[in-house]
Amino acid sequence: MEIRFEGAAVTYGAREALSPLTLTLTENRIGVIGLNGSGKTTFARLINGLTKPTAGRVIVNGRDTADSHSALPEVGFIFQQPQNQIILPIVRDDIAFGLKGRGFSKAEIEAKVEAALGRFDAAHLAARRAHELSGGELQIAALCAVLVTGPDILILDEPTNQLDLKNRALVQKIIEGLPENAIVISHDLELVAHFGRVLLFHEGRLAADAPAAEAIARYREIAA
Amino acid sequence: MEIRFEGAAVTYGAREALSPLTLTLTENRIGVIGLNGSGKTTFARLINGLTKPTAGRVIVNGRDTADSHSALPEVGFIFQQPQNQIILPIVRDDIAFGLKGRGFSKAEIEAKVEAALGRFDAAHLAARRAHELSGGELQIAALCAVLVTGPDILILDEPTNQLDLKNRALVQKIIEGLPENAIVISHDLELVAHFGRVLLFHEGRLAADAPAAEAIARYREIAA
Amino acid sequence: MQSLYVEGTSIMHRLPARSKLLVLAILGVILFTTRNIPLLSLGVLITGAVYFSLGLPFGQAIARLKPVLLTILVVALFSLAFNPWHGAVEALLRLTALMLFAAAVTATTTIGEFIDEITLLARPLERAGLVAANDVGLAVGLVVRFVPEILGRYQAIKEAHAARGIKLRPVTVLAPLIILTLRDADNIAAAIDARGVRRHVS
Amino acid sequence: MMSTRDLVLSALFAAIIVALGILPPITLGFIPVPITAQSLGVMMAGVVLGARRGAIAVLIVLVLVAIGLPVLSGGRGGLAAFAAPTTGFLIGWLFAASVTGYVAERLVRAEQSGLVQTVGFFLASAIGGIIVLYAFGIAYLVVAAGVGLQQAFVGSMAFVPGDVIKAFVAALAGRAVMVGYPLLPARA
Ligand SMILES: Nc1ncnc2c1ncn2[C@@H]1O[C@H](COP(=O)(O)OP(=O)(O)OP(=O)(O)O)[C@@H](O)[C@H]1O
Ligand SMILES: Nc1ncnc2c1ncn2[C@@H]1O[C@H](COP(=O)(O)OP(=O)(O)OP(=O)(O)O)[C@@H](O)[C@H]1O
Ligand SMILES: O=C(O)CCCC[C@@H]1SC[C@@H]2NC(=O)N[C@@H]21
Ligand SMILES: [Mg+2]
Ligand SMILES: [Mg+2]
């Protein structure tokens, strides 16, 4: 993967959510940290094209995100509130939904859904109602629904929210095992503590771009 | 305060959310920890009478919670999702709302609202729209709305969810400073790490009732 | 919807909500019982003067009225097509005056005040054993509070479609929207009970 | 007395009906009543909440209209809405939600197949949201607004295609909610 920010910025009315940013991301694991409202989610949305920059450009694998009307298919996104991301009521149907209209046969779709759930030993979730799942199960369902479409890059916005120690560990293990490129946004600093590259945002600006230990130390200073 | 569980249990259909529990709580600070779905929220809802035990009794300050149709006025509750707890759009109106119909004059209500906000140096929030508040501000607004009615016991269900380091520290400081009795449910173990008494739930049963260090150690074993 | 209130200190702002609602109701009756065009024109002039003196920037004041004005125009045009011309003029003036005053009332009354008035108005119904007056106020407050929330949720669901490359269709938007709303309702109901807002009722 | 949960359910569904008013009304030249997405919300209230809570949801919307809040499509509201050519339809919403809910409660059961449930919800929406609703709307146009019976009836037929689509959408949404959040068994 190659993500290039070329002076990309986002302003909402008079408020600058993200100041002009220039950087290139190629690492397989990237962490993003910062205070509430510092611009983390805005940054992530620029990468998959959900938000278009109001100045500058964002180039993902050679393509300008502004050229596409919708979000980029090669970037999967797990939202800060995964319950908002589930569209169909039953887990299996929801995972299959992203594959509809792409020329797959019914059998192919079923096989892909099964494979996606299988990656996380989660076949037992297939027939469950999405809204009854526990927090950890919900994260897994959301992950399957995104991974089944075969994205190159995965963005996870606070994936351990509301999870207990056990589910947290599970999600952490899953993230570590993903062959896909992953960008992880989190207030849960342990989750990114081993990453070679962590971006710290502060008031819409990049305040650190460094190995985890350094970025986290800087974050603690800011938060103090 | 004195909260007595006398063989209190909760079953939903065939599923036992809380197995018969007998214990007495009198400490000023009590922590509650455990895996997702272990029964923490169910336990808390028994205390303020939102959920009635399907067996046994829960006695709060000498009164059986089953004797009252609704929740107990002396127990305030900050929910896991505080945005759902704010009922009116403007913070000031929302705080005043809990006082309506209790025979206070308009001036008395205004004074009480101001005093509640004043406790947290949050007078500037009075005229703000609730849905525009940051996570930390939202917690404060929810706290004011509950404290204004003068509860004896305060229950906080995961109060540091989604908060950054700074807001987390703020909420922690606020909890520490509360003169009210407080029962704190949290996956964020640091929040209860100094409490003299921490309850650990596991699969609907009390798995530990001990000083924080011991209960947390036991929790880590269970989660491993 | 909640953005309709504008802070200010005009006479309308200082008037109690009750008087404003009362005038609005009386105005509605007068406007619909008269067919006198000069009188109706006077009504438009007065209500227009009230509305445009609230301290709202002119552009914004007009922008708020636009959708309603369009509907009124169409109603008048329809009336013109099938009735004598003065019927159309009457309809136009009548609806415009009412709209102007209603807009002035909503712009100067907070939701809290509305709820208090509604609760009071519902008292007789309560005495008749029909509803709890506080519930009426509470219901009104809940709607006003949650309309923006629902629109925000629609936005989130739309984005979830985009992020997964799925086409928006009414059912795939409405079903999750309703399910999430129902689930919130359970939490909100618990929060209301816990705060004792309906304690005196049950 | 109504449970807090039912009160909140009705209020939040009222909010959904109001939110549907964001879609602009389409006004036809030959009948002084607009096409609006809000009547879809009325059908869904009946299908999802049942007769009683569905009707209360609509009642809450009508209260909001009455106190002058701009909750009808195109930002309209106020007592004027109760003295307009559309008033019959507006009042009819109450009975539409109630009848839709009543029929849905009779026709649809949890153990039925998806197709049967969907058809049941469709029939409920069509009976409540079209037949009953139009009866109120047309009667008022004729009696109170002085529109000729034939003109009112023929004019109203312009709504039929849109309203059949709405009934279909309401049926699919109702079925999806039944699968994902079965509320009907818990009807109060
Ligand atoms: N659609 C929008 N309109 C206006 N302002 C917005 C919008 N989206 C975000 N903002 C503002 O932009 C800033 C950055 O928001 P962003 O969501 O990127 O923060 P964040 O770092 O993800 O915060 P958190 O940790 O709370 O999730 C905030 O001040 C926010 O209020
Ligand atoms: N209304 C209900 N109907 C059926 N089951 C329920 C209900 N409420 C809770 N449960 C079940 O009871 C068990 C305990 O739930 P509870 O909410 O108390 O867990 P918790 O410890 O608070 O979990 P978390 O950490 O995820 O908040 C869970 O298995 C849950 O699914
Ligand atoms: O907004 C209003 O003032 C009420 C409009 C009522 C419109 C009726 S509802 C049934 C029929 N189908 C439509 O699309 N419009 C009419
Ligand atoms: Mg964010
Ligand atoms: Mg819980």
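Glu180(B) is buried, with a relative accessible area of 13%, where buried stands for under 20%, exposed for over 50% and partly exposed for what falls in between, with a 1.4 Å probe and protein chains only. Its side chain meets that of Arg119(B) in a salt bridge of 3.1 Å, N to O, a salt bridge being a side-chain nitrogen of Lys or Arg within 4 Å of a carboxyl oxygen of Asp or Glu. Glu180(B) lies in the loop between helix H5 (165–177) and strand E8 (181–185) of chain B, while Arg119(B) lies in helix H3 (residues 106–119) of that chain, so the pair ties together parts that are 61 residues apart in sequence. Arg119(B), for its part, counts as partly exposed at 39% relative accessibility. When I speak of helices (H or I, at least four residues) and strands (E, at least two), I mean DSSP runs, numbered from the N terminus.

Before I go on, a word on the source. This is a predicted model, in which local features need pLDDT of at least 70 and side-chain atom pairs count only at pLDDT 80 or more, while totals for chains, interfaces and linings use all residues. Residues are numbered from 1 along each chain as its sequence is written, chains are lettered from A and ligands numbered from 1 in the order in which they are written, and side-chain values use heavy atoms, with hydrogens and water left out.

Staying with salt bridges, the structure holds 36 of them over all chains. In chain C, the side chains of Arg35(C) and Glu90(C) meet in one, at 3.3 Å from N to O. Arg35(C) sits in the loop between helix H2 (17–33) and helix H3 (37–52) of chain C, and Glu90(C) in helix H5 (residues 85–108) of chain C, so that this pair ties together parts 55 residues apart in sequence. Arg35(C) is exposed, with a relative accessible area of 57%, whereas Glu90(C) counts as buried at 5%. In chain B, Arg4(B) forms a salt bridge with Glu2(B), the closest N and O atoms being 3.3 Å apart; here Arg4(B) is partly exposed at 28%, and Glu2(B) is partly exposed at 31%. In chain A, a network of salt bridges links Glu2(A), Arg4(A), Glu6(A), Arg57(A) and Asp64(A).

Leaving aside neighbours within four places in sequence, the residues in contact with Asp157(B) (heavy atoms within 4.5 Å) include Phe77(B), Phe79(B) and Ile185(B).

Turning to the strands of chain B, E1 (residues 3–12) and E4 (residues 55–60) pair in the antiparallel sense over five bridges, pairing being called when DSSP finds at least two bridges between two strands. Phe5(B) stands opposite Val58(B) in E4(B). E4(B) also pairs, antiparallel and over two bridges, with strand E5 (residues 63–64), in which Asp64(B) is the bridge partner of Ile59(B). In that hairpin, which has two residues between the strands, Asn61(B) takes a positive phi near 45 degrees.

Finally, the interface between chains C and B. The contact takes 30 residues from chain C and 31 residues from chain B, and the two chains bury about 2,400 Å² between them, 56% of it on carbon and sulfur atoms; that is the accessible area (1.4 Å probe) that two parts lose on being put together, summed over both. The rule finds one salt bridge across this interface, and the side chains that meet in a salt bridge are those of Asp94(B) and Arg195(C), at 3.3 Å from N to O.
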